Amino acid sequence: IAPSAPSTDRYTKSAAAHARARKVMPGGVSSPVRAYKAVGREPVTVVSGQGACVTDIDGNEYVDYVCSYGPLILGHAAPEVSSALAKAAQKGTSFGMPTEAETVLAEKIVDAVPGVEVVRFVNSGTEAAMSAIRLARAASGKNNIIKCTGCYHGHTDSLLVSAGSAATTLGVPSSPGVPQSVTEHTLLVPFNDLDAVRAAMQEHGSDIAAMAVEPIAGNMGCVPPAEGYLQGLRDLCDEFGIYLLFDEVMTGFRVDYGGAQKLYGVTPDLVCLGKVVGGGLPCAAYGGKEEVMRQVAPDGAMYQAGTLSGNPLAMAAGTAMLDSLAADDFAVYAQLEATAATLEAGLREAAAEAGCPIYLTRVGSMLCPFFVDAEGDEVHNYADATATRTDRYAAFFGTMLDEGVMLAPAAFEAWFVSTAHDEQAISQTLAAARKAFAAAAA
Ligand code: PLP
């Protein structure tokens, strides 16, 4: 992508901060997407966040739809979470011993998420997925896993497999440093394609431990499951005796308090949680049916551990977050739905006015306007998503940034709406979007 010039010199301090950071960190960042390479811009360095907004080092303010890639469903520095954190910090930041705070949060998760009877805390979504896969293999005594192209389950070796297009192809590592011998046990199928899953199970069924899927694919934009897809996966897994693993790191507590599994009424055997569950702290979890989870050490032989797992700060933040989400009979979900619906309608109108074709998907407070080639084009899987116009997204992104709206610096990320996004934030976003769609269509 060719860099587009920022509209003003309002990023001077960010540019200097990035130059300094690049000397001591790869790309100057702690996670690659933050370097803005996919949109041809210099990254913005953030100093603070409050409610729906973030402020950069040059003093510019932005309405934020990155929301830390999902955790911040109550917005930045939510008072409930911040005060719980401050209290917890005064009592010590890590013990390496059991605390009651872990049980409190675990009980809330077990109550909320249908597929979770027993849960183990870890520190990242990557760890959750890695551990859940190890458990599926340990409990089944089988080696292979099925994964959908374009679904992301973190950067653990066996799940870091390139998005091949053909159904049921054997996995090829998508990064140097991952041995083929690890990914050869990862079978790829397109998202939303039950025939491909059946074919994979028929061919390799006797040695498949788990079918892993994001129930709403949130790492290729936002691609909802087709009608009957998740139930179809449940039925196929039952037929072939394979564990169904829902990676709800992004969707858990976001699209519904009980996750996508509650929303769509399909209960998996294993579940990964992250992001919202930790209230913005490094925290994730995996859980599932009791009989499977009892195979985790020390109840069982499947080894998995962590110095900072169940960290008291993360437990406090997660508990405060879940309490806020459950308050007033889960009222925040209706609020999020209303806000996101207004945003969706406004984006559709703005794109139409600008003559910029989009295919907009949304489930609750996750959404994505795909920049399709032509009106009527749709996105149901990774091949569809990658066929969209990333050049138009780059132009859209740059204009939004210059107009004070922070989006993810890559086309295939969901937008996240929080309870802090109020009318003013939405109308500022839509005013910017009218200009940005025009820039994208030009
Ligand atoms: N699984 C899903 C569905 C995710 O969206 C992500 C991160 O975006 C992960 C796993 C990895 O989580 P983490 O970045 O915390 O390792």
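## A four-stranded open sheet

In this predicted model, four strands form an open sheet with mixed pairing, in the order β1-β2-β3-β14; strands here are DSSP runs of E of at least two residues, helices are runs of H or I of at least four residues, and both are numbered from the N terminus. Two strands are said to pair if DSSP finds at least two bridges between them. Because β1 (46-50) and β14 (405-406) stand at the edges and each has a single partner strand, one side of each is left without a neighbour in the sheet.

Strand β2 (residues 53-56) and strand β3 (residues 61-64) run antiparallel and are joined by three bridges, and T55 stands opposite E61 in β3.

## Basis of the model

Residues are numbered from 1 along each chain as its sequence is written. The model is predicted, and local features need pLDDT of at least 70, side-chain atom pairs count only at pLDDT 80 or more, and totals for chains, interfaces and linings use all residues.

A residue is called buried if 20 or more other C-beta atoms lie within 10 Å of its own, exposed if 12 or fewer do, and partly exposed in between, with C-beta atoms placed from the backbone.

Strand β5 (residues 144-148) pairs with β8 in the parallel sense over four bridges, and I145 stands opposite A210 in β8. Strand β9 (residues 243-248) also pairs with β8 in the parallel sense, over four bridges, with M211 opposite L244 in β9. Between β8 and β9 the chain crosses through helix α7 (residues 229-240), and this β-α-β crossover is right-handed, a term used if, with the strands pointing away from the viewer, the path from the first strand over the helix to the second runs clockwise.

## The ligand shell

The ligand is surrounded by 16 residues, of which the closest are S124, G125, T126, G154 and V249; a residue is near a molecule if its C-beta atom, placed from the backbone, lies within 6 Å of it. Helix α4 (residues 125-140) supplies the largest share of this shell, three residues.

By residue class, the shell divides into six nonpolar, eight polar and two charged residues, where Ala, Val, Leu, Ile, Met, Phe, Trp, Tyr, Cys and Pro count as nonpolar, Asp, Glu, Lys and Arg as charged, and the others, Gly among them, as polar.

## The protein as a whole

The protein holds 13 helices and 15 strands. Its radius of gyration is 21 Å, close to the 22 Å that the globule rule gives for 442 residues, so the protein is as compact as a globular protein of that length; the radius is taken over C-alpha atoms, and the rule is 2.2 Å times the number of residues to the power 0.38. The C-alpha trace spans about 60 × 55 × 45 Å along its principal axes, and buried residues make up 55% of the 442 residues.

Among contacts between residues at least 6 apart in sequence, 73% join residues at least 24 apart, a contact being a pair whose C-beta atoms, placed from the backbone, lie within 7 Å.

D195, in helix α6 (residues 194-204), is exposed, with 11 other C-beta atoms within 10 Å. D195 and Q180 are 15 residues apart in sequence and 26 Å apart in space, C-alpha to C-alpha.

Q335 lies in helix α10 (residues 312-354) and is partly exposed, with 15 other C-beta atoms within 10 Å. Q335 and S48 are 287 residues apart in sequence and 25 Å apart in space, C-alpha to C-alpha.

Note on methods
Two residues are in contact if their C-beta atoms, placed from the backbone, lie within 7 Å.
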